Amino acid sequence: MITVISKQQARQFLLKKQLLLTPKSLSGPEGIEEVFNTLRVIQYDPLNPCGRNPDLVLQSRIKDYHPNDYYNWLYTQKKGIEVYDKELCIIPIEDLDLVSHRQLKAQLDKNRKAFLKKHSIEVSSILEQIKKSGPLTSSDIKFQKQVISGWGSTALVGRIALEQLWKIGQLIVVNREGMKKYYDLPEKINPPTKLAKIHILRRLKSVGMLPKTTTGGGWQGLSGISKFINALIKEKVILEIKVKDAKLTYLIIKEDYELITKPVKKIIFPQVSFIAPLDNLIWDRKLIEDIFDFHYRWEVYTPQIKRQFGYYVLPILYGDELIGRFEPVKNSKTNTLEIRGLWFERKWTKNEHEIYKKALAVFSSYLQTNKTTLPQSL
């Protein structure tokens, strides 16, 4: 039997899973770590009109956050790593083995591709040997041919092949003895069926719930997963959810059943927060339209003449509603936050306007700008 919930229950569930009910409830380095460890993946994008996407994701959840504050967690403490998962993303370092095998095309540069093609016979032989005999080291490979290594010196082709296959994720290191590395196939550690199920659960944890159709941005990069989803439903690891007056059937992990079926809670003091264009919450645009009644398209790559709104527009969250959108840009020359457009989903109350203005002041502080300018029409 499929459980039926209200749209408001679904909205509050998603926002709780996304650490957005209430916004900015976390703080400091511990807050940054909690966001990454909870969401497991944050999409990276180089565009920077008002902070890059990871910054925008974090500023909506963490008090007194500023652009690049996550660098310490990522680069100094090395608790995270940039990889291709859904797209180019940042993930906790302990998830690397789950996604490294999926970086083949992304990391197959010209030199590496040429090497693997030139020595395809040796490469095939190595992979077959590992498949039959298990983990091996460079000393287990009998090829004696010397090739130029990446440092300009010569090395045995077998050792270089192992290194290259490891760097593209086709092999993983399963053990070390001093400087000696033992390589194995990733599917031996995580068989394809197990790995597919892991990725399904990771995506559900990153968003909260996703359509059973397996289509949409939330499932991007995962193909042919319907049979694994059906298996997980049969195993009761994931559950189907229907939302009243919504078009789609959704999936959640079993552990979230109690949270999603809780009665809705009246939000006493709703806050306004600004949501990143590539935030996990809005990966799936159809879900957002279905559950929040909010039509959102990122129009960065839409020709200006065809844009309905603006170039880099952020949804505006108020309590458990998406009540509008705006286009903020940091003018670095004048150190000014420029609001180039504001669009309402419905008529705002006077109190909502005031809360929005306070949120703008916080956003200006996040960008460390000296003043904020509004378009003349506002």
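Which helices each supply at least two residues of the lining of the largest cavity? Helix H1 (7–17) and helix H13 (257–260) do. Helices here are DSSP runs, H or I, of at least four residues, numbered from the N terminus. A cavity is a set of points on a 1 Å grid over the protein atoms alone where a 1.4 Å probe fits but cannot get out, and lining residues have an atom within 4 Å of a point.

First, the ground rules. This is a predicted model: local features need pLDDT of at least 70, side-chain atom pairs count only at pLDDT 80 or more, and totals for chains, interfaces and linings use all residues. Residues are numbered from 1 along each chain, and side-chain values use heavy atoms, without hydrogens or water.

Back to the cavity. H1 gives the most to its lining, with four residues. Among the lining residues are Phe13, Lys16 and Ile260.

Now the core. A nonpolar core is a set of buried Ala, Val, Leu, Ile, Met, Phe, Trp, Tyr and Cys residues joined through side-chain atoms within 4.5 Å; buried means under 20% relative accessible area, with a 1.4 Å probe and protein chains only. The largest has 88 residues, and Met209, Phe274 and Ile291 touch the most other members. Helix H15 (residues 350–367) gives the most to this core, with seven residues.

Take Met209. Leaving aside neighbours within four places in sequence, its contacts (heavy atoms within 4.5 Å) include Phe13, Ile260 and Ile291. Phe13 and Ile260 also line the largest cavity.

Definitions and conventions
1 Å grid on protein atoms, 1.4 Å probe; cavity = no way out; pocket = protein on both sides within 12 Å on 5 of 7 lines; lining within 4 Å. Buried < 20%, exposed > 50% of the residue type's maximum accessible area, 1.4 Å probe, protein only.
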